[in-house]
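Biologist: I would like to learn how to read a structure like this one. Please give the general idea each time, then the case at hand.

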Amino acid sequence: MSHTTLPRTTRTPQPATPPAPHPTATRPAPPPARDHDADHDDPERLAIWPASTVPLPEDDLAIGGVPLTEVADHFGTPAYVLDEDEVRRRCRTYLRAFPDTDVYYAAKAFLCRAMAHWIAEEGLGLDVCSAGELELAVTTGFPPERIVLHGNAKSPTDLRTALRLGVGRIVIDSTSEIARLAAAVPAGSRQKVLVRVVPGIAAGGHAKIRTGTDDQKFGLSLADGSAQHAITRVLGQPRLELVGLHCHLGSQITTVKPYLSAVRRLVGLLARIHEQHGVTLPELDLGGGHGVAYRPGEPALDIAGLAAKIRAELAGSCAAAGLPVPRLAVEPGRAIAGPSGVVLYRVLSVKRTGAHTFVAVDGGMSDNPRPALYGVRYAPRLVGRRSAVATEPVTVVGRHCEAGDILASDVHLPGDIRPGDLLAVPVAGAYHLSMASGYNLVGRPPVVAVTSGHARLLVRRESLADIQERDIGL
């Protein structure tokens, strides 16, 4: 692992940069001038940034004691900045809110060796979806018995790797998986499994990230009897040990109500299993999907409130059904990684076309496809240069050859925004780099960890040499 220390920096205020010529002939008049510094340093606006974020002179920000301008100067852009203390703080928040609960970090949000190490040290388990995520975690030293393997279509390699490494639990997602998994379990041993149930609950911030309804690819339906059929088949496999039920409703859920509905329906299924098979399942995994705010003023799920209401509902439902309360599990991913990360971009061009201003940066949909996939909206900020010019609405776009390569629409940036400026985008730690692609062969950005005034490289930038080395044929 590469370690680079950036010294703490104290900056003296500099005179404000004179406003650049600002053509207005073909555009509507700008909105009334706003106090740019007061707007950016407002606590409500900084609430979506890591807790260690501190405003500096010249409109810079420090995260983990490291100025963002120094990270950009040293590591280049685009670059992801991950606040280690924020990751750890959010892990502890979950453990406090959910005592006597298995908290599994969802690796699909973002995973690297350092992240796996932090999660292990904080006492969380890990939820993985492939042999790749599993191998990286275990070779980093993550205890395999604290890992759950998911996946709607697990490959033979996924299952063999999970059994070879001794993964703690495997979530059954289809009936065809039952026999394949049972046949792969070594003679004389048993693999603990859960069955993923679709409870028929619509929840989530976008249709493409709702997974609790019957019209998508995940899990086994409660409504049509598929879940009950799968449970019967699993109970008939001597090499599989059914320890509980699992469900995942979707992502970016900001209210508690869907989780309480899921608890009631799953406890009802637990009661039917007990009645029909004489089996009391000891575990209930409610998945994750806990929503975060991407822009100031947006709602976020209250984790402490969620935990209290889930526990009360679970206790009440089990008492009514005459069942012992199963051990609970939750699987937060975005809620831990997302607000812990910031992405830095350099402005490459500013194009004014009619009533529109397009600010193009040196990244885009290859390092963050979420706006194109889900229409997510972010709140980028100019850092490292004080501007006395009023803000105006602009569209921040990427460098790729797609009209949909838009990172932030209708956001307010200073009217003198120009090439070379540095933009920082908060809440960028989840589903950015983990979903990055090789589009236009630009290479994926690095990940830089910051803590206690030090920055270190966790994942290096993907170079042209890396890309070329994979291309071996003519």
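Modeller: We begin with contacts, meaning heavy atoms within 4.5 Å. Residues 24 or more positions apart account for 71% of the contacts in the chain with a separation of 6 or more. This is a predicted model, where local features need pLDDT of at least 70, side-chain atom pairs count only at pLDDT 80 or more, and totals for chains, interfaces and linings use all residues. Residues are numbered from 1 along each chain as its sequence is written, and side-chain values use heavy atoms, with hydrogens and water left out.

Biologist: How many helices and strands are there in the chain?

Modeller: Both are DSSP runs numbered from the N terminus: helices are H or I with at least four residues, strands E with at least two. The chain has 14 helices and 22 strands.

Biologist: What percentage of the residues count as buried?

Modeller: Buried means under 20% relative accessible area, exposed over 50%, and partly exposed in between, with a 1.4 Å probe and protein chains only. Of the 474 residues, 55% count as buried. P143 is in the loop between helix 6 (131-140) and strand 8 (147-149). P143 counts as buried because its relative accessibility is 19%.

Biologist: Which residues of helix 6 are buried?

Modeller: They are A131, E133, L134, A137 and V138. Seen down the axis, these buried residues fall within an arc of 160°, so they line one face of helix 6. The arc is that of the directions from the helix axis to the C-beta atoms. The cover over them includes helix 5 (113-121), strand 7 (125-128), strand 8 and helix 7 (156-165).

Biologist: Which residues are buried in helix 9?

Modeller: In helix 9 (residues 226-235), the buried ones are A227, A230, I231 and V234. They are on the same side of helix 9, because they cover an arc of only 100° around the axis. Among the elements covering them are helix 8 (175-184), strand 10 (191-198) and helix 10 (257-277).

Biologist: At what angle do helix 8 and helix 9 pack?

Modeller: Axes are lines fitted to C-alpha atoms, for helices over the stretch in contact, and angles run from 0 to 180 degrees between N-to-C directions. Helix 8 and helix 9 pack at about 10°, with their axes 9 Å apart. The two helices are therefore roughly parallel to each other, a term for angles under 35 degrees.

Biologist: Which residues meet there?

Modeller: T175, I178 and A179 in helix 8 meet H229, A230, R233 and V234 in helix 9.

Methods:
Angles under 35 degrees count as roughly parallel, over 145 as roughly antiparallel, 65 to 115 as roughly perpendicular and the rest as oblique.
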